[in-house]
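Subject: A structure for you to look at

Hi,

Here is the structure I promised to pass on. Have a look at it first, and then read my notes below.

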Amino acid sequence: MKNKTTRFLITSLIGVALLCVCVFSFFAIHMSNQSARTINQVGTLYMSSMSQQISVHFESIISLQMDQLRMLTDTITSDAVHRDQALQEELVAGAKARDFNYLAFYSSGGEFEMLHGDQLTVTDPEPFLASLRKGEQKVAIGTNTRGEKVILLGMPSPHAPTPEHNCAALVAGLPVSYISDNLSLEENSERAYSFIIRRDGSFVIRTNEAYRNNYFERVRALYEDVSGMTADQYIEALDAAMAENRDYTTEFVMGGERFHLYCTHLPYSEWYLITFLPYGSMDTIVNGFSREWGSMTVFSGVIILTALMLVFYKYYGLTRQQLREVEEARRAAEAAQKDAEHANRAKSEFLSNMSHDIRTPMNAIVGMTAIATANIDDQQQVKNCLKKITLSSKHLLGLINDVLDMSKIESGKMTLNMDQISLREVVDSIVSICQPQVKAKHQQFDVFIHDISTENVLCDSVRLNQVMLNLLSNAIKFTPEGGEIHMALYEEESPKGEDFVRIQIQVKDNGIGMSKDFVSHIFDSFAREDSARVHRTEGTGLGMAITKFIVVDAMGGSIDVDSAQGKGTEFNVTLDLEKADVVEEDMILPNWNMLVVDDDRQLCESTAAALQSIGVNAEWTLDGESAVEMVVKRHQRQDGYHIILLDWKLPGMDGIATARRIREALGDDAVPILLISAYDWGEIEHSAREAGITGFISKPLFKSTLFNSLRQFAGDLEEKREEAAQTEQRRDLSGKRILLAEDNELNWEIASELLSEEGLVLDWAENGQICVEMLNESPPGYYDAILMDIRMPVMGGYEATQVIRTLERPDRDLPIIAMTADAFAEDVKRSLDCGMNAHVAKPIDVREVMRLLDKFIK
Amino acid sequence: MTLKECYAALGGDYDDVLGRLPERLVQKFVLKFLNDGSYDLLCRSLADGDRAEAFRAAHTIKGVCANLGFSALLESSEQLTEALRDGAPPQPGEEELIRRVGEDYQRTVQAIQAFQGALGA
């Protein structure tokens, strides 16, 4: 199609260009011809008028001279005597006066009788004589004795001086130059020049260039061709014209120059004026005009051609662009079709895989249901069947969820539900979900948290869970039994600013790995490496596509994969998450000494740093033996550890054995020992408890994990300590006698009732005055304490206290506790200032009162 | 009428008082509140212009109410106590406080009397 269009365009361009050239050439040639014709016409017109002018001029010159001659002739009368001396002298004088060089009588016999000048001969006497005889005036050419040409003017004279001589005319001679000078026949070469010939072609007056005597001879000698005729033809034509006495005009090229020739008869003579007009100047002008015309033509032709070329070029460009677009569209369509076919094929493959994958659990469900039905009474069997049905259902649900997610992604409907989440909770839940699978395959699973300071971020926890779970479950799936799986979380500064934090999630295994070829397709939909190794591993082939979509497209992060067949796979997910706007709990623990024991140095350092940041003085060591040593040393210095964190899996002596040794060395179980484990500790719990393990702490060890776990244990410790203190100091106060100063009976009764229940014996004083009196009247030591209301009639609590403190009694310092509805700080202060021991506010809090009594009663 | 309903009627905090006293004692002391002369003393003192005594009486009412969990009367009597504290001169609005204490006291007394009546029946 492209070539066709191009060919058409090029052909049409060439065609149009040729047409242009032809038209313009035609115009040029036509104009040139036209101009040549015009020049010819102009030349003819010009020549005829010029020739006429010369002819007239010639006639006037000749007639002037003829008149002069006639005047001479008139002097000759019929009476005059032939050879009269006087007449002859008169004639000669007249001739001289009139500038005639020659003067002669011409006899009818054709003989000259010279009166003045040399002897003359007429070149062609016949026509001359004939005319003279007829009485006509005539001009002729003749020669003198020196052979010089002379113009002869013949004037017939009726009065012949010598009848015997039969004188026909008086002839005057003039030099040829006279005429030629007067006629100005010699012109410069640019313009016309003329000469005069006789009928036989001999020159009467010739130009300088014409060295021959006869024009015809000259023509014959010089020119082979005159205007398409031979020289003879030309001469014939000229001669014929002369014979008919008409003007002759023609045009010919002579010596490379174009000439226009005009021939006309001159009066008084047998002469012919031939005028040449060289076209040189006119040709120059016309040629210049022609050239200008031609160049204009060429120029306009070029302009038109250029314009055409431009149009063509533009059109060509447009066409090509259209072609390109069409081509691109075609390619895109092809690619789209290919993609569609590929997707279609993938979907078909997926469906066939799926049908297998779905059928397997469905078969299990159907089969197990049948077995359960058949053994409905065998509870154990039914339980077993139900368990398997549950597992299969879950697997089926997983498949369906993946497919739904994928269709959500493909229809662009998956959106994130951003919420405040705790990374610790997310990782915790992931770890607990993965643990059963890891345990089933006896894999080593380790989670490592590296200095995560921002645990609370904004993210879609469901999707983040999904990503981690996908990566981990793949790692578990493609790592053989006994392999290692490592998950790590790092925190970095985010390039997005202070409000963000960059979280790196690394999932690494030493499983079967992937081929390079497959790694490049791992994020494609329905991708599953098709090899015998993974043939049995179930899955939809959608997990990684979903993962990539969530991480990259939805969360704006990145995911990298590094894998080698047989060596393992490592996924790195990088996410920039916004920090959650929460006031983080002020996590501070008492300044305890703690020991962290783990064979992973990084974990020790990271955990110790986290502990330091929550106020705990942490030390760490890498193995059980050194741990026991350190514990014993500290114990001997009476500066034992408050809590010990022990990893379960240690080189050599494991965590449980270490705990046992520590318990043996210390000889008590006062120090809590916590076992660090990423695993469900159900299996080891029994042996661990036996060995003296106090509790468990689960990996990953976020700061908050540590804080929450330790606070719980620390709380227990504090409580224990307090309880111990209480049981030590708490005494039985029953039987103690208390004097209660209270003006209001109702209040008194309430207090009395409540405190009696505690075994106290109470006496009532209705105001401060009575209180003082009662105390004073009692034997010393009778009352163990006084509870004193402040606002009482007669004497208030403050005064009463002041009085009691100044009594001359050994027991004047007995405890006095203010008990009042006033609970302001200044009231408390005033009570103490007055000498009271403590202050309790109403309503009466029995426990508080008992605590204070317990404190102050000696 | 139960004791709880009685507390609801007089604007008291039954749960609070039960936290400190056994129900038996609460009932006993609530009934005894009817015989308490503090309110009469308050009224008399105010009528006599004995502001110091009036303060003490208001203070006593406040103490009793705190012990018995009579929240409404406790609140109004506490405000009056502060208004009368240290023999302060009468302030605008004091009348209003006295009126409110009276209202709350009447309401309390009526509720307890109703309860007493219910017990008797």
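How many bridges join strand β21 of chain A to β22(A), and do these strands run parallel or antiparallel? There are five bridges between β21(A), which covers residues 593-597, and β22(A), and the two strands run parallel. One pair to look up is Met594(A), whose bridge partner in β22(A) is Ala618(A).

Before going on, please keep in mind that this is a predicted model.

**The sheet around β21(A)**

Both strands belong to an open sheet of five strands in chain A, in the order β22-β21-β23-β24-β25 and with parallel pairing. At its edges you'll find β22(A), residues 617-621, and β25(A), residues 695-698, each pairing on one side only. Going from one strand to the next, the twist averages 25°.

Helices pack on this sheet too. Helix α13(A), residues 601-613, touches β21(A) and β22(A), and its direction makes about 170° with that of β22(A). Helix α15(A), residues 655-666, touches β21(A), β23(A) and β24(A), with an angle of about 150° to the direction of β23(A).

**Another sheet in chain A**

Further along, there's an open sheet of five strands with parallel pairing, in the order β27-β26-β28-β29-β30. Its edge strands are β27(A), residues 761-765, and β30(A), residues 838-841; each has a single partner strand, so one side of each has no neighbour in the sheet. Here the twist averages 25° from one strand to the next.

Inside this sheet, four bridges join β26(A), residues 737-741, to β28(A), residues 785-788, and these strands run parallel. Helix α22(A), residues 846-856, touches β28(A), β29(A) and β30(A), and makes about 170° with β30(A).

**Chain A overall**

Chain A comes to 22 helices and 30 strands. It has 858 residues, of which 32% count as buried.

**Where the chains meet**

Finally, 16 residues of chain B are in contact with 15 residues of chain A. On the chain B side, α3(B), residues 23-33, and α5(B), residues 51-68, each supply at least two residues. The largest share, eight residues, comes from α5(B). By class, that side of chain B has six nonpolar, five polar and five charged residues.

Cheers

Notes:
Residues are numbered from 1 along each chain as its sequence is written. Chains are lettered from A and ligands numbered from 1 in the order in which they are written. This is a predicted model: local features need pLDDT of at least 70, side-chain atom pairs count only at pLDDT 80 or more; totals for chains, interfaces and linings use all residues. Two residues are in contact if their C-beta atoms, placed from the backbone, lie within 7 Å. Ala, Val, Leu, Ile, Met, Phe, Trp, Tyr, Cys and Pro count as nonpolar, Asp, Glu, Lys and Arg as charged, and the others, Gly among them, as polar. Two strands pair if DSSP finds at least two bridges between them. Axes are lines fitted to C-alpha atoms, for helices over the stretch in contact, and angles run from 0 to 180 degrees between N-to-C directions. A residue is buried if 20 or more other C-beta atoms lie within 10 Å of its own, exposed if 12 or fewer, and partly exposed in between; C-beta atoms are placed from the backbone.
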